[in-house]
Each structure stands twice: as structure tokens, then as C-alpha cells.
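Trainee: Could we go through this model together, so that I learn what each label rests on?
Mentor: Gladly; here it is.

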Amino acid sequence: MASDDPYAILGVKREASQEEIRRAYRKLAKQHHPDLNPGKKDAAARFQAINAANDILSDLEKRARYDRGEIDASGAERPDAAYRRYAESAQGAKYRQGSGVSEEDLGDIFADLFGRGARAGGGGFGGGPGGGQTIRLRGADRAFALTIDFLEAARGAKKRLTFAPAHSLDVTIPAGVADGQILRLKGQGDPGIGGGPSGDALIEIHVAPHGFFRRVGNDIHAELPVTLAEAVLGGKIAVPTISGTVSMTVPKGSDSGTVLRLKGRGIAPASGPAGDQYVALKIVLGAQADDGELAAFLAEWAPRHSFDPREAASGS
């Protein structure tokens, strides 16, 4: 199998399912990302090849055309694809091998398919004076990586990606973008050949971890410190969310580890309902631990209110 064959690049069989292709791509993209392979000169080229292979195989139409030999591994039209389809049709039957086709007849075929100037032995595909049309090839895709803050990923943002002196791309980050997701910027890759369309820019998003929030699907999880008084007496407290601070009621007598839900305060995807935020309470004594009055109270109170919080854990 050729080294530029997308199936070989992703390490999958030709009959692989779309899900198998997706899993293989994600694994290889992370393994060969240039940021994770500093000093390896071929990492960027390998990463670009992986993205180009996925561009073909993840698209059902492109995959089918590649399997039929109509496009090559870069997605460009094969110069002989149109001639092959013509020759295999009823109209082209007389041009099959053994039919004694002349150079003039062959020139007429290519003239019909690619322009009147594309005659065999004269003009060809050079596109020069009196020549035929130039073959148009799509430009190659370019792969980039962009690291953004957790809240930028959650809320959406506009970023500028600078990849060379005086060269940059303006990237719109959609709200709710996930770590490892790849954004495609149409026409921002390498220029095409012969007037062909430019390739695309493929930007893999890396989301930096946050000190308070943690994402699980479209939900946000956080651990929130509360005082002993807040846990025992209950009351309203301020809670940070990805969209700002909100008020939340702590039930009276809450244990450390109690999880409360803030409905609709998670990630809001482009379609479908927003996720929720789950807040796990963590009782923190802080300076209260050295409070003599509290210690004296507990010394008198505890013996009259026996309770073993480890009873269930001991199995007794």
C-alpha cells in the first residue's frame, strides 16, 4: 500500500467503519502532534499527513471517490479519471484498447473533456498560447495547534494564530469547543495549482485546565469550600460559574461532599440544552480550628452526642 494512501496513514483497513476511522485519527493526531514532539523535524509533516488522510476518509463522498480512483490522496481530481469514465461508457467503447484509435481521435476525446486545445501531441495541458486548459489541483491543507483558556472554550472567543513572521489567522472559537476538537478554516491552507481552490487550515484546539472548573461532557464540576457554620446552619452563598457568580442555597446540616446542582449553568452547545453545574461542598475550618470557644463547646457537646461517621466504612 502506497505511503500516501490515507488508509495506510491511519492504519485502518479499507472496510473500516467511520467510527474506526475517527478513533484511529484521534489517536494518531494526539501521538504525532508537533507540540508533543519538540525537536522532531518530521512531526509537523506527519501530523499534516494524518489530517489530510482524515479529510478524505471522514467524508463519505470523498472516501467513495477515492476508492473508485477518481481523486488522489490529496483530494485532487485524477487527470485520467474523466477519460476513464468516458472510455468505459457506450460512447467511448470505440476508444478501448485494440480499437486502433488514432492520435487525432484521442486528441478529440481530450478536447471534449478538458477543452478544445487539449489535443494529443499538441498543446496538451500546458495552458500556454493555443494550448488547452491547465489542470486544476486543490491546495494542501495546513495543520496548526492553538491553546486557549478554559473559559474561552466555554464562552467562545476570537483569537489570532501567528505561525510565521507577518503571517497570522483570525480564528473564531465557538462556545463549547472541546479539547482536541479540530476547527476547519476554508481556503486558508496552501494555494491551489492551475487556479484550483486553496486547501483548508485545520486547527486543533487544546484547552488549558482551570483551577476551579472541570468539564465532563457539557456539565461543569467544581468543589466549593464552605465554613462549618454554613454547612451546619445552611444559607445562601456566592458560587462562581462559567457565566458569572450566582447565589446558591446550602441546605442546613450539609455534609462535606454533598453535591448540589445549578441547572443550565454548564456548557451551552450550538444545538440542544445547556449542561448543568455540579457543586461539591467541602467543609473547611481554617482559623476556626484554633478558636478556643469552639473547642470548649465541642468538648462539652460531643460526649452527649455520640456519632461514628466511620461506622459504615468499618463494616460493623
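Mentor: Helices (H or I, at least four residues) and strands (E, at least two) are DSSP runs, numbered from the N terminus. With that rule, the secondary structure of the protein comes to 10 helices and 11 strands. Before we go on, this is a predicted model, so local features need pLDDT of at least 70 and side-chain atom pairs count only at pLDDT 80 or more, while totals for chains, interfaces and linings use all residues. Residues are numbered from 1 along each chain as its sequence is written, and side-chain values use heavy atoms, with hydrogens and water left out.

Trainee: What is G189 in contact with, beyond its neighbours within four places in sequence?
Mentor: Contact means heavy atoms within 4.5 Å. By that test, G189 touches A140, R142, S198, G199, D200 and A201, leaving aside the neighbours within four places. G189 sits in the loop between strand 4 (182-185) and strand 5 (201-207). Its C-alpha atom is separated by 9.8 Å from that of R138, 51 residues apart along the chain. For the protein, among contacts between residues at least 6 apart in sequence, 47% join residues at least 24 apart.

Trainee: And what makes R142 and D190 a salt bridge?
Mentor: A salt bridge is a side-chain nitrogen of Lys or Arg within 4 Å of a carboxyl oxygen of Asp or Glu. The closest N and O atoms of R142 and D190 are 3.6 Å apart, and the pair meets that definition. This pair links distant parts of the chain, 48 residues apart: R142 in strand 1 (residues 142-148) and D190 in the loop between strand 4 and strand 5.

Trainee: Why is R142 called partly exposed?
Mentor: R142 is at 31% relative accessibility, so R142 counts as partly exposed. D190 is partly exposed too, because its relative accessible area is 26%.

Trainee: Which salt bridge does D141 form?
Mentor: D141 pairs with R138, the closest N and O atoms being 2.8 Å apart. Both D141 and R138 are buried. They also belong to a network of salt bridges that links D55, K62, R138, D141, R184, K186 and D200.

Trainee: How do you know that E70 is buried?
Mentor: E70 has 13% relative accessibility, so E70 counts as buried. The side chain of E70 meets that of R68 in a salt bridge (2.9 Å, N to O). A search of the whole structure finds 18 salt bridges.

Trainee: What about A166, buried or exposed?
Mentor: A166 is exposed, because its relative accessible area is 84%. A166 lies in the loop between strand 2 (157-164) and strand 3 (167-173). Its phi is near 65°, a positive value in a residue other than glycine.

Trainee: What makes a patch, and which residues make the nonpolar one of about 290 Å²?
Mentor: Patches are made of residues with over 30% relative accessible area and no salt bridge: like charges are joined within 9 Å, nonpolar side chains (Val, Leu, Ile, Met, Phe, Trp, Tyr) within 5 Å. Here F297, L298 and W301 make the nonpolar patch. W301 is at 34% relative accessibility, so W301 counts as partly exposed. W301 lies in helix 9 (residues 292-301).

Trainee: How do you tell a pocket from a cavity?
Mentor: On a 1 Å grid over the protein atoms alone, a cavity is a set of points where a 1.4 Å probe fits but cannot get out, and a pocket is an open set with protein on both sides within 12 Å along at least five of seven lines; lining residues have an atom within 4 Å of a point. Grid points are joined across faces, edges and corners, and a volume is the space filled by probe spheres set on the points. The largest pocket has a volume of about 360 Å³. Of the 14 residues that line this pocket, the closest to its centre are L228, D255, W301, F307 and P309. Helix 8 gives the most to this lining, with three residues.

Trainee: Which residues line the largest cavity?
Mentor: The lining is Y25, R26, A29, K30, G180, I182 and E204. Helix 2 (residues 18-31) supplies the largest share, four residues. The volume of this cavity is about 40 Å³.

Technical notes
Accessible areas come from the Shrake-Rupley method with a 1.4 Å probe; for residues, only the protein chains shown count as cover. Buried means under 20% relative accessible area, exposed over 50%, partly exposed in between (1.4 Å probe, protein chains only).
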